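Please keep the model open while reading.

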Amino acid sequence: MSRIAAAALAMSLMAQSSVLYEAENATIVQGVVESNHAGYTGTGFVNYDNVAGSSVQWTISSTEERPVTLVVRYANGTTANRPLSISVNGAATTVDFPGTGAWTTWRTATLAATLNAGTNTVTATATTANGGPNVDSLSVDDGTTQTDWSVAVVESTMARATPTTLGGWGYTTGLYLWGQYLVWQRTHDARYLNYIKAWADRFVDASGNISNSFNNLDSMQAGNVLLALYKETGQTRYRTAAAKIRTRLNTYPRTSDGGWWHSTSDSRQGQLWADGVFMVNPFLARYGAWVQSDSFTQTEPAKQLEVYFSHLRRTNGLLYHAYDEPGGLTASWVKPALGNTNGISWCRAIGWFGMATVDILDILPANHPRRAALIDMLRTLVPAYASFQDPASGRWFQVVTEGTNTSNWTETSCSAMYTYTIDKSVEKGYVDASYQVNADRGYQGVLAKVSLGSDGRTNIVDISEGTNVDDVLSYYFGRARPVNDFHGLGAFLIMNEQLRR
């Protein structure tokens, strides 16, 4: 990537601290307000007539003379540049508005200007017979900039990988794409949803067939992507594919008290991993809310959380990583004295559990009989999160309870998960508002692990790779930390979309 391209990408990731003026509310000459291309803000955008001289004019007040940056949000679905003469109180500068690839793809163009004290006029006038681009809004920046890190991570990931090369069907890719879906819900950038759809279409054919037996919980998490696509596009093939996961759960094996096994493989039969609750239960709750509700979708998500919690809970309020009902017949990590668990609290496993709990509570009705039990779980987990938060960094350690061990390290994905869970629990009133300070410190701690590289793209570091169950601390301490691992990207987006609100 050239320096110019890197600088342009970095600029596109900046969200200005600014005042927004919608184009549809401005004075329009030879143009119309339309809303037929997705991705605009407000109630529509201005489609210039294809003539030179068509224009949009905004009136802006300022309490003092000051330098500003004007940011015009636009789309140009042609390949031709559609320059505009932008005048501020009569002083004009011509600004290029090149093609954006589609009328639903929105970009920004910027111009430095000076506002006078009092009333100012900003006019964007077409200079060619093609008219101007579609103009969505004008933002007047007050001089401070702040990176929209969600957009930055999504743009960077999309620049690094196409939907074909992003990754296969699995929970890590599904987690990341769910995060991208949340960003799309806020920005309505059509490219984000189209990218998700293109990835899913690798696995789902026109009839909704999907080649997967769903014999472990991890394989089910990406079903959330199918549900999102069905919700947003209405295409029945995504519902058909998601229904295969829903149907598989009818016969999926369980422990004697009803907990779904983490996997049906011989070495993992009868095991409950804290990770597993996030892989399947939010999907099932959403399936009931978005596709078809029945007694199964209404009761099982909360029931599974209770069963898992009963086996994994520690006296300090945290959870162990995993439980084995057979008592070690096929698993070497089982500690019978600790309730057939592995005896170690791995941070991301507990993070999965917290996120699943708050997400399912979002869907359960207020009168659900198990709702109070789930809130009680959060009232156990959140204080435990807070008590083990690293005071120096605001993050949490890979093995949560071993903060003084010099081999331990603060892990980014679980820190994002804990931050998300705490913040949402405070917002919803599940826990006392005093825990907001822990969420805020966690947020700053995670942001400290995010940066822009020389190529203008984001890097998130200190993310644990995928991790099995063990009963030896050194196994967890020694996990590799791949930069931009999807565990971290997905958890970051989920957290950032919650915290930035």
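Buried means under 20% relative accessible area, exposed means over 50%, and partly exposed lies in between. The model is predicted. C347 has 0% relative accessibility, so C347 counts as buried. C414 also has a relative accessibility of 0%, so C414 is buried. A search of the whole structure for disulfides returns zero.

**Burial values**

| Residue | Relative accessible area | Class |
|---|---|---|
| Y192 | 2% | buried |
| S87 | 14% | buried |
| C347 | 0% | buried |
| C414 | 0% | buried |

**Y192**

Y192 sits in helix α4, which covers residues 190-200. With a relative accessible area of 2%, Y192 is under the 20% cut-off and therefore buried. Which residues does Y192 contact, leaving aside its neighbours within four places in sequence? They are V151, V154, E155, M158, Q180, V183, W184 and T187. The side chain of E155 makes a polar contact of 2.8 Å with the side chain of Y192. V154 is 38 residues from Y192 along the chain, and the C-alpha atoms of the two are 7.9 Å apart.

**S87**

S87 belongs to strand β7, residues 84-88. Its relative accessible area of 14% falls under the 20% cut-off, so S87 is buried. Neighbours within four places in sequence aside, S87 is in contact with A92, T121, V122 and T123.

**The second largest pocket**

Rolling a probe the size of a water molecule over the atoms shows where empty space is left. The second largest pocket holds about 440 Å³ of space. Its lining is made up of 19 residues. Nearest the centre of this pocket lie L182, Q185, D362, Y420 and K424. Which elements give two or more residues to the lining? They are α3 (171-187), α7 (276-290), α9 (347-363), α11 (412-427) and α14 (486-499). Helix α3 supplies the largest share, with five residues. How does the lining of the second largest pocket divide by class, and how many residues are charged? There are 10 charged residues, seven nonpolar residues and two polar residues.

Technical notes. Residues are numbered from 1 along each chain as its sequence is written. This is a predicted model: local features need pLDDT of at least 70, side-chain atom pairs count only at pLDDT 80 or more; totals for chains, interfaces and linings use all residues. Side-chain values use heavy atoms; hydrogens and water are left out. Helices (H or I, at least four residues) and strands (E, at least two) are DSSP runs, numbered from the N terminus. Buried means under 20% relative accessible area, exposed over 50%, partly exposed in between (1.4 Å probe, protein chains only). Contact means heavy atoms within 4.5 Å. A polar contact is a pair of N or O atoms within 3.5 Å; within protein, one must be able to donate a hydrogen and the other to accept it, and residues adjacent in sequence count only if both atoms are side-chain atoms. On a 1 Å grid over the protein atoms alone, a cavity is a set of points where a 1.4 Å probe fits but cannot get out, and a pocket is an open set with protein on both sides within 12 Å along at least five of seven lines; lining residues have an atom within 4 Å of a point. Grid points are joined across faces, edges and corners, and a volume is the space filled by probe spheres set on the points. Ala, Val, Leu, Ile, Met, Phe, Trp, Tyr, Cys and Pro count as nonpolar, Asp, Glu, Lys and Arg as charged, and the others, Gly among them, as polar. A disulfide is a pair of cysteine sulfur atoms within 2.5 Å.
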